[in-house]
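Work through the two exercises below with the sequence and the structure side by side, and try each task before reading its solution.

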Amino acid sequence: MNKPEKFGIDNITAKDMDDEKLVTYPTEAFLSKEYLEAEKKLLWPRVWQMVERETDLPNPGDWMTYNVAEESVIVLRKDDGTLKAFHNVCPHRGRQLIDVPDMLPGKVHDVRGNNRKNFICGFHGWTYDLDGNNTFILDPQDWKGYLNPENTCLSEVKVDTWGGYIYINMDPDCVPLKEWMGRAGEILDHFEVEKMRYKWRQWAIYPCNWKVAIEAFLEPYHVAGTHTQLLAYGDYYALSKQYGLHSVSSYDTREEKFKMSESAGTTRAGKGDDARVSTYELIRENYETVNFAASTETLVNAASRLVDELPEDTPPAEIIAHWMASAKKDDAARGVIWPEVPPEIMQESGLAWGLFPNQNILHGVTFALCYRVRPYGDDPDKCIFESYALERFPEGEEPETEWVYAEPTGENWGSVLAQDFSNMEFVQKGMKSSGFRGPLPNPHQEQKVINLHRNLANFMDGRGAPSLLEEE
Ligand code: FES
Ligand SMILES: [Fe+2]
C-alpha cells in the first residue's frame, strides 16, 4: 500500500510517477453522477481557475461572470485598475445578482458588460458598490439592528492574474496563485504569454466528461493512432513528467541526431533524408490542420525558405537554428519581438502543459494553442469544451475576437481537432463497458493523465485515486 500524500488518502506519490511506476485508476471520475456531484463541493470551490484573458476586461467598470458547475462568480475591473471578484449572489434571499442563463449554443457563453457602477438586485433592490459593500437596503429597521456591513456585503472571491489570464479561487484559505502555478508558471513566464492575444476562440458542448475531453489533448501518445497523416514528416514518441499539480509533455526521440534543445516543442526538425523539406512540411501540415494554430505564419514562411537558404546535407540542429533565427528576424521587422528563452528553459518547457485541473497550453515563443473544459449541467457525459489560439501580434494589429460556438466538426476546428473529437465521445461510451478492465496509461508518455487523477483524488477525498499495478 502506498503512503498517502494528503488528507490520509491512499494515492500514488509524485515519486511513483517520476519512477514511472505502472498504475491504474477507476472510471468513476468520468462516469459517476455522485462523483460529479462531489466535484461541486470538493473541487471547483477549492481550485484556482482561469476566467478569461485580462484584455477582455481592460477598462474600469468592465465585468463578466465566470460559471462552473453550480457556481457563478462576478469579476470586475475597478476604477483603480485592480480586479475584484464576488460570488454572484445577493445576500438577502439568494437571487443571482447577474442573471446567468445556462450556456446556450450560439447564444450564451458568459454574461459580461461595461461601465458598471454598482449592482442592484432585481428582486428587492438591495444595492452594492464595486467593492461589494451594501449601499442600499429597503426598510433596514425591520431587522431590529441585526443587519451590519459584514452580513449584507457580497461574498468576496480571490482573484489574481498570471500570464495575462484572470484567475479566481473561491476558497478563502487557498494558497496564492503564484504558489499554485509553481515551477510550471515560472517556466511558462519565459514565453511572455501575457503579451499574446487571441487569434480565435471557440467553444462547443461535447458529449463526454470534462476529463475525457482534456485528456484527449494532454498526451502525444495518441498521435500515431489518431493523427496518422502527421507521421509522414515527424516521429511522435513522447515523454511526460509531473510538476506537482501540473505536468508537461514533450517530444522524445530514440534517434540521437534529432536531440537538440530547440526541438523540444512544435518547432522541431522533421524526419527523413532531407530535414529542410520535412521540417517545413511538418510545420505547415500542423499549422493548416490545427485551425491555423500551434505555429504562426512567420514560422511557416521561414520554414518554406529552408530549402533555398541551406545546403541539402545541413544537420537538423543547424536547420532549426537557422529557421528560428530567420523567423525571429522576420517577426522583428514587423514589430514582433521574441522573448529571450534560455536554452535550458526551452528544453524543460517541452511541448505542452497540463495545468490542473482543466487547462492545457501548447506553447511556443510567439503563440499558444490552449484548451479549457468544464462540466455541463448535471450530466457526467457532457462538457463545455473550449479551445483558443493566442499569438504575439504587432501592436495595433491584434484581431477582434469573441467566443464563437462551433459544432465539433473538421470544418469548424480543422481536421486534427476533428480527429480528436472522433475519439472523445467513444472513450466516454467505451469506458462504460462491463468488459473494460480499467485504464492502463503509459507511464512514460501519458503521465499527464495519471497526474491529473493523482491530484484530483487529493481534492476529492481519495475518490478515483490511481493505484499501483503489481509488477512482475
Ligand atoms: S434577493 Fe436580492 S434584494 Fe432580495
Ligand atoms: Fe490529438
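The expected span of a helix is 1.5 Å times one less than its number of residues, where helices are DSSP runs (H or I, at least four residues) numbered from the N terminus. This is a predicted model, in which local features need pLDDT of at least 70 and side-chain atom pairs count only at pLDDT 80 or more, while totals for chains, interfaces and linings use all residues. Residues are numbered from 1 along each chain as its sequence is written.

**Exercise 1.** Find the reach of helix 8 and decide how far it is enclosed.

Solution. Helix 8 has 15 residues and reaches 20 Å from its first C-alpha to its last, close to the 21 Å expected. Eleven of these 15 residues are buried (20 or more other C-beta atoms, placed from the backbone, within 10 Å of their own), so helix 8 is largely enclosed by the rest of the structure. Among the buried residues are Tyr-280, Leu-282 and Ile-283, and the buried residues pack against helix 9, helix 10, helix 11 and helix 14.

**Exercise 2.** Describe how helix 8 and helix 11 pack.

Solution. Begin with the axes, lines fitted to C-alpha atoms over the stretch in contact: those of helix 8 (residues 275-289) and helix 11 (residues 316-333) lie 10 Å apart, at an angle of about 55°. The two helices are therefore oblique to each other, a class that holds the angles left over once those under 35, over 145 and from 65 to 115 degrees are set aside. Finally, look for the contacts (C-beta atoms within 7 Å), where Ala-275, Arg-276 and Thr-279 in helix 8 meet Pro-316, Ile-319 and Trp-323 in helix 11.

Conventions
Chains lettered and ligands numbered in written order. Axes fitted to C-alpha atoms, helices over the stretch in contact; angles between N-to-C directions. Contact = placed C-beta atoms within 7 Å. Buried ≥ 20, exposed ≤ 12 C-beta atoms within 10 Å, placed from the backbone.
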